[in-house]
Amino acid sequence: MDIEGARESNWEFRVEHKDIFVYSAKIRDSHILGFKGVVEFPVSLRRLISLFHDTGNYIRWVHQLSSIEVLEKGENLEYVIYQAINTPWPFPKREMVVRTGLDTEGDNGIAVTMKSDPDYIPVRSGNYRIRETYGRWVFEPKENDVVRITFIMYVDPGNDIPPPMSNTAMFEVPFYTLQGLRNLACDRAYNPPYPEEVDDYISIGEG
């Protein structure tokens, strides 16, 4: 399974709460569902890009994030990022290493891509390394200075967690993550710096 496959899947609507819409999709050769969350709210693309480059504050909005570390900053806005995720007892904490990038999407959208790189560093003591992760954040400007944000993700948390339990827990991820993202993006006391190097690759208006 790759992220392109997830984007083309037949998404099934599951729930809407607080204007956040959550969908799921069956993924070929996997018992774990992919999920998609969608929300719209007034925010600029520049602010979203600033927020996504402010990894030190991810713990404020990414659901169940325990810790995060930038392992490598490469060319073309590519990063290698380590994340540790809280997991209910008795399962060990999950950790994953993902490569991220910045892309255009459609006529005027921006996409942040994620793909696992599980062997980039050794597994840290006491944790369980997630080996298969794919994701894509899409930011699409709409009318009246509103941006539609689509969060697509597939995570196989490991064979020690039964698929029904994984799939139930996964529905929390898009809702709480998008809710946290919206709260932080709309918090005027939060002003992350804009990464000027983005302008070398993608043209983003002031907004």
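The expected span of a helix is 1.5 Å times one less than its number of residues. The model discussed here is predicted.

Q: How do you know that the span of H4 agrees with its 14 residues?
A: At 1.5 Å a residue, H4 should span 20 Å, and its end C-alpha atoms lie 20 Å apart, so expectation and model agree.

Q: What makes H4 largely enclosed by the rest of the structure?
A: Buried means under 20% relative accessible area. Ten of the 14 residues of H4 are buried, and therefore the helix counts as largely enclosed. Among them are Pro174, Phe175, Thr177, Leu178 and Arg182.

Q: Why is H2 called largely enclosed by the rest of the structure?
A: Eight of its nine residues are buried, so the description holds for H2. The buried residues are Leu45, Arg46, Arg47, Leu48, Ile49, Ser50, Leu51 and Phe52.

Q: What covers the buried residues of H2?
A: The cover includes strands S6 (94-105), S7 (109-116), S9 (132-141) and S10 (146-156), together with H4.

Q: How are two packed helices described?
A: By the angle between their axes and the distance between the axes. For H2 (residues 45-53) and H4 (residues 172-185), the axes come within 11 Å and cross at roughly 115°.

Q: Why is H2 called roughly perpendicular to H4?
A: Angles of 65 to 115 degrees count as roughly perpendicular. The crossing is at roughly 115°, which makes H2 roughly perpendicular to H4. The crossing of H2 past H4 is right-handed.

Q: Which residues of H2 and H4 meet?
A: Arg47, Leu51 and Phe52 of H2 meet Leu181, Leu184 and Ala185 of H4. By class, the residues of this contact are five nonpolar, no polar and one charged.

Q: What makes H3 roughly parallel to H4?
A: The axes of H3 (residues 163-170) and H4 come within 5 Å and cross at roughly 20°. Angles under 35 degrees count as roughly parallel, and therefore H3 is roughly parallel to H4. Thr168, Ala169 and Met170 of H3 make the contact with Glu172, Val173 and Pro174 of H4. Its residues divide into four nonpolar, one polar and one charged.

Q: Where is lysine 115, and which residues does lysine 115 touch?
A: Lysine 115 is in strand S7. Leaving aside residues up to four places away in sequence, lysine 115 touches Val97, Val98, Arg99, Thr133 and Tyr134, where touching means heavy atoms within 4.5 Å.

Definitions and conventions:
Residues are numbered from 1 along each chain as its sequence is written. This is a predicted model: local features need pLDDT of at least 70, side-chain atom pairs count only at pLDDT 80 or more; totals for chains, interfaces and linings use all residues. Side-chain values use heavy atoms; hydrogens and water are left out. Axes are lines fitted to C-alpha atoms, for helices over the stretch in contact, and angles run from 0 to 180 degrees between N-to-C directions. Helices (H or I, at least four residues) and strands (E, at least two) are DSSP runs, numbered from the N terminus. Angles under 35 degrees count as roughly parallel, over 145 as roughly antiparallel, 65 to 115 as roughly perpendicular and the rest as oblique. A crossing is left-handed if the near helix is turned anticlockwise from the far one by less than a right angle, and right-handed if clockwise. Ala, Val, Leu, Ile, Met, Phe, Trp, Tyr, Cys and Pro count as nonpolar, Asp, Glu, Lys and Arg as charged, and the others, Gly among them, as polar. Buried means under 20% relative accessible area, exposed over 50%, partly exposed in between (1.4 Å probe, protein chains only).
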